[in-house]
Each structure stands twice: as C-alpha cells, then as structure tokens.
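Have the viewer open as you read.

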Amino acid sequence: MVVSALRGALGFLTRLRVGHSEAAWAAFRASPWAFPLAGYAVGGLLALPFALDALPASTLALAYLAAVFGVTGINHLDGVADVGDALVVHGDSDERTRVLKDTTVGVGAVAAVAAVVAGLALGALGVAGLPTRAAIAVVVAGEVGAKLGMAAVACLGTAAHDGLGSQFTERAGRSDLLPAALVAAPAVVLSWPTPAAAGALAGAFAAGLLALWRLRALLGGVNGDVFGAVNEVGRVAGLHVGVVAWTLS
C-alpha cells in the first residue's frame with residue numbers, strides 16, 4: 001500500500017518515470033499522507049544543485065530553477081496561472097471559476113507566474129548562501145511542507161465540481177490530515193540544531209493553508225488548479241522562511 005501510494009504520488013507530482021497504473025493512482029488518492037512522503041524524494045532531487053557549493057550562488061539558483069521544472073514539470077505552475085486570472089476578476093465565485101477554466105492567458109496569469117518564478121529564484125539565491133547541509137535541509141523541508149499543504153487541500157477542501165480536485169476531496173476527511181502531518185514532522189530535524197528546516201516546513205505549510213483559505217472562499221471550493229497553486233506558493237514561502245530562520249538563529 002505504501003509503495004503503491006508513493007508511486008502514484010510521484011507519478012502525479014513529478015515527471016519521473018515511475019510508471020502509471022490505476023492501482024497506484026487509486027492508492028494515492030486514498031492516502032493524503034503520500035503527498036509529504038513524496039515531498040522528501042522530490043526535495044532531495046531539487047536540493048542536488050546545492051551540493052555543488054563551489055559554484056557561484058547565482059548559478060546554483062539557476063540550477064535549482066532548472067531542477068524544479070525538470071523534475072516537477074509545469075502543471076502546478078499552470079494552476080498558478082489559472083488562479084491568477086481568476087483572482088483579478090470582479091464578480092462572484094461562478095464568474096471567477098468561468099475565467100479560471102478559460103484557456104486564454106490574461107494579465108493576472110502572467111503576473112502570478114512571474115511572481116512565483118521570481119520568488120523561487122530569489123529564495124534559491126538566499127539558500128545558496130547557506131552552508132551546504134542547511135541549504136539541502138531547507139529545500140527538502142520546504143518541499144515536504146508544500147506537499148503537506150496539498151494534503152490539506154485534499155483533507156479540508158470541498159470540490160467545487162467534479163474533476164481532478166474531487167477525486168482527492170471525496171476520499172479524504174479532516175482526520176486524514178494528522179497522518180500526513182506525522183509523515184512531514186521528521187523534516188524539522190534535518191538542519192538540527194538550527195531551526196532552518198523547521199522554519200521551511202512551517203512556512204511552506206502556513207502559506208499553503210493561507211492560499212487554501214483564500215482560494216476556497218473566492219472560488220466556492222477547490223479544484224486541480226488550487227492544488228497546484230498551493231504547492232507553488234508553499235515552495236516559495238518555505239525557501240524564504242527557511243533562510244530567515246537560519247539567519248536569525
């Protein structure tokens with residue numbers, strides 16, 4: 001069950017060639033804890049550039065961005081774009097949802113994607129200035145926290161309509177968030193004795209919860225785009241809060 005759910009999570013969250021099967025997909029949808037579990041694997045891959053600490057910080061930041069899109073693709077960033085267009089609409093949740101589903105790219109989408117990419121680049125630049133172990137810990141913990149935010153969408157959200165979002169929300173309840181949090185909790189010790197990893201985990205999760213709360217109210221529920229947006233916002237916040245936590249420690 002664990003292996004199958006993890007395989008389904010990695011197949012959904014990344015571009016890794018882990019194979020796709022209905023059994024793995026079903027196991028993942030029924031297991032919100034698989035989100036943060038996959039976050040450890042994804043975070044480890046994204047942290048690899050920071051092991052090359054002899055390179056300039058700007059080069060490491062660029063390598064991190066390349067790793068993010070190389071490993072995870074742009075599906076979640078597409079969610080940011082759709083949500084960005086919906087956020088700038090003046091109207092009720094039905095009107096915002098209509099715009100969110102529209103394939104036309106508006107200024108809201110461009111601004112949202114630009115903000116996320118700039119946030120990732122600047123966060124990675126800050127991470128590149130940390131000692132190697134702390135840098136890797138922040139990236140991994142931030143990724144786990146971002147995936148815990150996605151688990152929160154599944155456990156706390158209600159799908160606005162049938163679709164990708166409903167496939168998770170119909171199978172998860174509030175009580176399922178506790179096992180997911182327990183899976184994510186060990187990430188706080190990755191940078192011990194500094195609080196950098198704890199800050200990255202908490203910052204990513206808190207940002208994800210805030211995004212979920214806001215988007216659920218604006219859209220009248222959640223969908224696949226909300227999952228993607230929560231992930232991307234959480235990753236950005238995790239990097240920055242992790243760097244701040246290490247700096248102040």
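Which residues line the second largest pocket? They are F12, N75, H76, D78, G79, M150, L164, G224, D225, F227 and G228. A pocket here is an open set of points on a 1 Å grid over the protein atoms alone, where a 1.4 Å probe fits and protein lies on both sides within 12 Å along at least five of seven lines; lining residues have an atom within 4 Å of a point.

Before going on, note that this is a predicted model, with local features needing pLDDT of at least 70 and side-chain atom pairs pLDDT 80 or more, while totals for chains, interfaces and linings use all residues. Residues are numbered from 1 along each chain as its sequence is written, and side-chain values use heavy atoms, leaving out hydrogens and water.

Back to the pocket: about 160 Å³ of space lies in it, a volume being the space filled by probe spheres set on the points. Helix 5 (75-87) and helix 12 (224-248) are the elements that give two or more residues to its lining. Helices are DSSP runs (H or I, at least four residues), numbered from the N terminus. By class, the lining has 4 nonpolar, 5 polar and 2 charged residues; Gly counts as polar, Met, Leu and Phe as nonpolar, and Asp as charged.

F12 and F227 from that lining also belong to a cluster, where ring pairs link them with F28, F35 and F168. Rings of Phe, Tyr and Trp (its six-membered ring) pair if their centres lie within 6.5 Å; planes under 30 degrees apart are stacked, over 60 edge-to-face, the rest tilted.

| Pair | Centre to centre | Plane angle | Type |
|---|---|---|---|
| F12 and F168 | 5.6 Å | 50 degrees | tilted |
| F28 and F168 | 5.2 Å | 75 degrees | edge-to-face |

F12 sits in helix 1 (residues 2-13) and F168 in helix 9 (residues 164-169), so their pair ties together parts 156 residues apart in sequence. F12 is partly exposed at 22% relative accessible area, whereas F168 is buried at 1%; buried means under 20%, exposed over 50%, partly exposed in between (1.4 Å probe, protein chains only).

What about K147? K147 is found in helix 8 (residues 132-156) and counts as buried, at 1% relative accessibility. Its side chain makes a polar contact with the side chain of N231 (2.8 Å), meaning a pair of N or O atoms within 3.5 Å, one able to donate a hydrogen and the other to accept it.
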